[in-house]
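Here are my notes for your first look at this model. Keep the structure open and follow the points in order.

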Amino acid sequence: MSDNGGSGAASVEAAVVPLALDPLPPCFCLSDGSVLETHPSTLPKSAMWARVSDGEYHGAPVLVKVLENPTPEQMKEVNRIVRMSIDLYHPNIGQFLGVSWNPTTKIVMFVTELPGRGDLASLLVTEKDKPHSRGIMLDVARAMSYLHAQPKAVLHRDIRASNIHIGNDYKAKVVNFEFSGKHTLDKTLIGTPAWAAPEILRGKSDYDAKVDVYSFAMLMVEILNGEPPYTGEYTNARQLLNEIMSIHRRPRIQNRAALTSKSKALIDLIVECSWNDRTTRPGFPKIVECLVEILQDLRDKNTTGSVKETNPSTLPKSVMWTRVSDGEYHGAPVLVKVLENPTSEQMKEVNRIVRQSIDLDHANIGQFLGVSWDPTTKIVMFVTELPGRGDLASLLVTEKDKLTLERLVQIMLDVARAMSYLHAQPKAVLHRDIRASNIHIGNDYKAKVANFEFSGKHTLDKTLIGTPAWAAPEILLGKSNYDAKVDVYSFAMLMVEILNGEPPYTGEYTNARQLLHEIASKHRRPRIQNRAHWPSALLALLEKSWQNDATARPAFPNIVEALSSVLKSLEACHDVDDATSPAHSEGGTPKQQQCSGLSDNEGAAKDSQSHVVKATAAEIQDIDAVTAQFELLRTA
């Protein structure tokens, strides 16, 4: 059991300060025994931790940093890193999952996501021939731009390849915040010398965020050379550091003559970022802008033949694409959507989706990797990251016993966060087809919204699109003046799909056209199975979100807040219960029922409000076939 309270703090006069974690949100307090170390990790270990292990947390692979018998100072440092990690949420920052503390064994476990390909320093040795380095630079720059933009800027102060983790899709994530801190913290001579800015080496205490820019320049050198800066360039380390400080010595960049003109632009950027005068170094937003331009030019020249289809995908295919395949992009597993012999209208639509996808960068949105067009074969390949566990619709069938109530709510929260981001764009992006088959699930059960074929900027002409059983009444009625609240309604249907473990209205209709008419005109809604098993706050949110009056539906920031509250309550309830009990099992645990706030009788009464007629689960797919008949609803 994790001890997350601070009530036992000793008085000032006490000789011994009891070790404890600071009070934390319950969802970050991992119960003792829920984290399992499986084997020693190949990832490097900082001096702070006793060991680093690969592990499991409720079946998901994780990275576990272990500290044994911590001193009060070490426990204070753990609390600092935990508090900071809770606030960081970005697709290019390693995800913090939680921490556990066992006061009996005096063991701290700090748990994060496990990188599929390990750390960048190792990758530069084992996969040095694969051209993914520029994208990695951009990922790191985006993470640093986010960190420096916090209300109190977070300085990493140790940017180097061993502190960059690489996923199976080659996405880079900044990790290991042992040397980081808020910009206002006391600053000391920390970091790794060869990557440290001159002002840090001189022991100055008035340095600023530009120390990270200098370290980033050294990281770029490390990536281009495939080895740490200054490798083979010195025999006396003290003399080297003195020359870095006093005569502005910088590392050699290998094979400069072989670099292309655009690669040489990287050299110019490295020079700018490593100026001795920190005020002349660019900020990370400018660095991101430069790298995007460089990367786009390189992609334009290197896309042909870089994508390979390996086998047909098990993921569902929209009508837009000829086929969907698992594939490889420079050795990385990817999802490839293929369109053969596109018409001019189809090519226009591909370009729209590509332009939109380039602008989207969020931890809960499927990452767009690129697009290729072969004018000879007339084949378009649209390439995205490959989800480790497939789509949510399939997962609700194949892994229903692993989907705990907390995990299901976390998936809802992930989707809500993505939608909040989409709607907050300068021109709101409407997805317009939120359903489980369009939600991809990673190996860590993180959910990502995918498949933007029906999406578009809020100002685009809007047509009768989406998947009928998930579509808002105003779409079914053919109205053209709808707004972002159509996604909120579809999200409510997704919640039903998650709670029931099957599409909305499964087994509730025999005539698809009549069902759609009743949804649009008579406010019919799907039945929620086993209502007594679900938290009352969750059901209340669902019912607010499917209201006929679009203006009465909550916005996604409110939905995120509500789901966060539900998740925290569940974590608190299940801190003394079996957190691994299946959410879809009959009856649920006593603690689940206690948290739900509904009695069996009340749940049964609400279940009976929906009229049910004989139909099989497979018949829900018939709804897709009547999309073309929507026109009839406008005059119904």
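1. Start with K308 and E328. Their side chains form a salt bridge, with N and O 3.9 Å apart. The cut-off for such a bridge is 4 Å, so the pair counts. K308 belongs to strand β10 (residues 307–312). E328 belongs to strand β11 (residues 323–329). E328 is partly exposed, at 32% relative accessibility. Bear in mind that this is a predicted model.

2. Side chains of opposite charge can pair when their charged atoms come close. How many salt bridges does the structure hold? The count is 23.

3. Find E37 and R51. Their side chains meet in a salt bridge, at 2.9 Å from N to O. E37 sits in strand β1 (residues 35–40) and R51 in strand β2 (residues 51–57), so the bridge ties together parts 14 residues apart in sequence.

4. Now turn to E113 and K173. They form a salt bridge, and their closest N and O atoms are 2.9 Å apart. E113 is in strand β5 (residues 107–113). K173 is in strand β8 (residues 172–174). Buried means under 20% relative accessible area. E113 has 13%, so it is buried. K173 is at 15%, so it counts as buried as well.

5. Next, look at one residue and its surroundings. L335 lies in strand β12 (residues 332–340). Its relative accessibility is 2%, so L335 counts as buried. What does L335 touch, leaving aside residues up to four places away in sequence? The list includes S313, L315, V324, F382, V383 and H440. D326 and E385 are also among them. Take S313 as an example. It is 22 residues from L335 along the chain, yet their C-alpha atoms are separated by 7.8 Å.

6. Move on to the helices. Take α15 (residues 536–545) and α16 (residues 556–573). Their axes come within 10 Å and cross at roughly 165 degrees. Angles over 145 degrees count as roughly antiparallel. The two helices are therefore roughly antiparallel to each other. The crossing of α15 past α16 is left-handed. From α15, the contact uses A537, L538, L541 and S545. From α16, it uses I559, A562, L563 and V566. By type, the contact has seven nonpolar residues, one polar and no charged.

7. Helix α16 has another partner, α13 (residues 485–500). The axes of α13 and α16 come within 11 Å and cross at roughly 30 degrees. Which way does α13 run relative to α16? The angle makes α13 roughly parallel to α16. On the α13 side, D487, V488 and F491 make the contact. On the α16 side, F556, I559 and L563 make it. This contact divides into five nonpolar residues, no polar and one charged.

Note on methods: Residues numbered from 1 in each chain as written. Predicted model: local features only at pLDDT ≥ 70, side-chain atom pairs only at ≥ 80, totals over all residues. Heavy atoms only, no water. Axes fitted to C-alpha atoms, helices over the stretch in contact; angles between N-to-C directions. Helix = DSSP H or I, 4+ residues; strand = E, 2+ residues; numbered from the N terminus. Parallel < 35°, antiparallel > 145°, perpendicular 65-115°, else oblique. Left-handed = near helix turned anticlockwise from the far one by under 90°. Contact = heavy atoms within 4.5 Å. Nonpolar A, V, L, I, M, F, W, Y, C, P; charged D, E, K, R; others polar. Buried < 20%, exposed > 50% of the residue type's maximum accessible area, 1.4 Å probe, protein only.
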